[in-house]
Amino acid sequence: MSNTRARLPQPVASEHIALKARNVSFSWDSTPLHWLPGDPFTTHTINVLHLLLPAGERWFVHVYKQVLPLIRDERLREDVIGFIGQEAMHAQAHDEVLPHLREQGLDPTPYTAQVDWLFEKLLGDRTLPPGRPRQWWLMERVAMISAIEHYTAFLGDWVLNAEELDRRGADPTMLDLLRWHGAEEVEHRAVAFDLFMHVDGSYRRRARTWATAFTALVFLWQRGARFFMENDPTLVDGKASFRDFHRSGRAGTLPTTGDMIRSIPRYLSRAYHPSQEGSTEQAVAYLASSPAATAAEARANGAA
């Protein structure tokens, strides 16, 4: 085998699974504002997911519906359709946390309005002439979703293994939301990359859009954590810093800085394929025990 061919992405066939959306629901009546007891910083750093994901995942769905006619592989088409269904459900589930935050005295509207503008206007459809310009913008967004999905899968794998959250008494409903979502991110972790490779595959575009996505995620996440800490009605002079993030990573309540950094060269490797990371078996096992996912399965079977 040539060195060039050896560097091509090599998917792990055993990690592929048929995807389905699970119509989950959660009740937030008993979930406290600081759902990780005594740790508002970790609580709010993870809470940024509820601010970013609804708009972001609706954007994923919008872009992928435009790409569907370009897919020439039937299994990939089915994967993308399953991905769209799961992402739409993720957006809905995280959106439903926002009224609960408002009831707790923390209104996220000023921040979510900015996030909506980012995905709907800055990264939305543009008035471009048909042909190459319009195709270029579509491929840029497909590549950017692939980069973002690298990190959602990274976070999904992390939360499935974050035993420190259990030890510290994290609210079980919030933990189930995070792990249900994380497990599905691990389930479909290869779809965005496979789609990008199918319709484009340019390494230069992959590297360029990774830089854009990573920079935006870091900026938006630290901005969201600071917004929550500064507006938390129970805190006096609440602050968030990268030092706090690093400290929480070492404590096991957030991903470690080192793990985040080491994820960069993996994605940028020419031999990278998402199926080489995480475990579909672990994800499926969690989904088989998740209170929300099993209840959704029971409702679906009852309606059948």
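Start by selecting Pro11, Arg75, Ala190, Asp194 and His273: of the 25 residues lining the second largest pocket, these lie nearest its centre. The model is predicted, so local features need pLDDT of at least 70 and side-chain atom pairs count only at pLDDT 80 or more, while totals for chains, interfaces and linings use all residues. Residues are numbered from 1 along each chain as its sequence is written, and side-chain values use heavy atoms, with hydrogens and water left out.

A pocket here is an open set of points on a 1 Å grid over the protein atoms alone, where a 1.4 Å probe fits, with protein on both sides within 12 Å along at least five of seven lines; lining residues have an atom within 4 Å of a point. This one holds about 440 Å³ of space, a volume being the space filled by probe spheres set on the points, which are joined across faces, edges and corners. Now colour H9 (191–199), which gives the most to this lining, five residues. Helices are DSSP runs of H or I, at least four residues long, numbered from the N terminus.

Next, move to the largest pocket, with about 1,100 Å³ of space. Select Leu155, Leu217, Val218, Trp221 and Met260, which lie nearest its centre among 50 lining residues. H10 supplies the largest share of that lining, 13 residues. By class, you will find 32 nonpolar, 13 polar and five charged residues (Ala, Val, Leu, Ile, Met, Phe, Trp, Tyr, Cys and Pro count as nonpolar, Asp, Glu, Lys and Arg as charged, and the others, Gly among them, as polar).

Stay with H10 (203–231) and pick Phe227, then Tyr111 in H5 (109–122), 116 residues apart from it. Rings of Phe, Tyr and Trp (its six-membered ring) pair if their centres lie within 6.5 Å; planes under 30 degrees apart are stacked, over 60 edge-to-face, and the rest tilted. Both Tyr111 and Phe227 are buried, meaning under 20% relative accessible area (1.4 Å probe, protein chains only).

For a cluster, show Trp59, Phe60, Tyr64, Phe83 and Phe119 together; they form one aromatic cluster.

Finish with two charges over rings (CZ of Arg or NZ of Lys within 6 Å of the ring centre and within 35 degrees of the ring normal). Arg126 lies over the face of Trp137, 3.6 Å from the ring centre. The charged end of Arg206 sits over the ring of Tyr267, at 5.7 Å from its centre.

Conventions: Helices (H or I, at least four residues) and strands (E, at least two) are DSSP runs, numbered from the N terminus. Buried means under 20% relative accessible area, exposed over 50%, partly exposed in between (1.4 Å probe, protein chains only).
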